[in-house]
Amino acid sequence: MTIQIPDQVIIHNTKSDPKNNIEQPKGLYLLFFTELWERFGFYTLQTILILYMTKGLHLPDGHANLLYATFGALLYITPMMGGFIADRYLGFQRSILLGGGLFIAAYLICASSNTTLFFIGLSLLICANGFFKPNVSGIVGELYQKNDPRRDGGFTLFYMGINIGALIPPLIAGVLVTKYGWHSGFLAAAIGMAIGQVTFIYGKKSLGTAGFTPKYNHQHTPTLKFYALLVTGLVGFVGLCQLAFTYPETTNYIVEATAVILLGVVLFFLMKEAPIQRRKMIASLILILISVAFWSLYNQTFTSLMLFADRNMDRHILGLPLDAEATQFFNPFFIITLSPLLSRFWIRLDRVGLNPSTQIKFSLGVLFMCLGYFILGIGAHFYGHNGATSSWWLCGSYFLQTIGELLISPIGLAMITVLCPKHLIGMMMGVWFFSQAASFAIGGFLANIAAVPTTLNAAASLPIYSHAFMIYGLIALAMTLISFSLVPLINRMVKE
């Protein structure tokens, strides 16, 4: 079967038709809004999840932290499976439709007050993320030919949609659940995802054939037998997720052990490479290991930091009301505002020959995480009679953590594509994403350092949080010192 290239993907000669090298493909804007609404739904859930488990389901902090860690870890595992199925059997477009439908069903199930149904809903969410998340980005890539100069700008716009989608939920989620109950938050997530699905269904003609057929099997059309096997597999995976939620601590240990096994597999393949390439891969593994520590601390945003905001934060900032859910606004807001500033800052430094190396930026990212937690640990010593600290301490911490994220997050995937040989990039991408899963698992155990017994009031819980934040800061400080000390070694490793 001949694959027709949609008009918006064709690259015209710049001299004869420069306009087509400036305007983005129409399909990009469809994917922008599809991803925006998916992120709106997901971050609505993310904003209320730990609070719902501790205040709605009345689970103790320790158990809720581990359950959230299990949920986060599994979220990062399924995109590898969903991407594989899309590449070989479904294609990106069908996978997005399937993932979106599962998202809507999952949110509606979570809205039930039944605890068993709630965890079934979370299991379906994990499956939905696997089909949806990697494949929207996959179609964005297919809108451009290999050397299309619009590609970088297109992905920048696409990721802006992600952050806009993450920006809105914190502003409304707290108000919704306060006025109408917890189920309203999950219903809002379902409505957001439904808007995204309707947008995609009615606009997907603008994609042409991009993502319509499987990437590695253009002749394949899914059969009834395939869908029967797929449904069977989904039911089985949901069952495994239920088992994981029943034993979250064991599950998190298994995720961490699997990460160690993957490291061994990478080392096995690494020994077969030429010495120069071997050194580069070892350098990438070192940076991945450091990133695991960074993301383990970063993921406290959704557990210990959220519970701290709910229990020990003053509920006003600049004279405006600020609930715990609204603190999730800080991170995407700082990403949107700081990204262009940092981009220009690096360009200016580069012009005068002072632009730091990738390894230095990576180390600085961990340092900013360290400073973010030390600020919180210090700020916890300044509180009112009711045990509430100023919301500015948390705002300042998120500001510093976001700078750290912007120094590390863009580097990770780029680092793998630069340092690893082409025939191992796929495997190393899998290792990178699995390292994110491992960071969630570790983050659950770290969050339990800040677990507060249900019998304590705000004044009594504050010392527990202060102690935990100082420990997090010390962990980040240790990783910062290690990271900076390894910079000369890594520089030698990556040198041709």
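This is a predicted model: local features need pLDDT of at least 70, side-chain atom pairs count only at pLDDT 80 or more; totals for chains, interfaces and linings use all residues.
**Which side chain meets E38 in a salt bridge?**

Residues are numbered from 1 along each chain as its sequence is written, and side-chain values use heavy atoms, with hydrogens and water left out.

*Solution.* Begin with the term: a salt bridge is a side-chain nitrogen of Lys or Arg within 4 Å of a carboxyl oxygen of Asp or Glu. The partner of E38 is R39, at 2.8 Å from N to O.

**Exercise 1. Find the salt-bridge partner of K133, and say where each residue lies.**

*Solution.* Step one: K133 pairs with E35, and their closest N and O atoms are 2.8 Å apart. Step two: K133 sits in helix α4 (residues 115–142) and E35 in helix α1 (residues 26–56), so the bridge ties together parts 98 residues apart in sequence. Helices here are DSSP runs (H or I, at least four residues), numbered from the N terminus. Step three: K133 is partly exposed at 24%, whereas E35 is buried at 1%.

**Exercise 2. Describe the salt bridge between R311 and D61.**

*Solution.* First, the N to O distance is 2.6 Å. Then the location: R311 belongs to helix α11 (residues 304–312) and D61 to helix α2 (residues 61–90), 250 residues apart. Finally, R311 is partly exposed at 27%, but D61 is buried at 3%.

Definitions and conventions
Helices (H or I, at least four residues) and strands (E, at least two) are DSSP runs, numbered from the N terminus. Buried means under 20% relative accessible area, exposed over 50%, partly exposed in between (1.4 Å probe, protein chains only).
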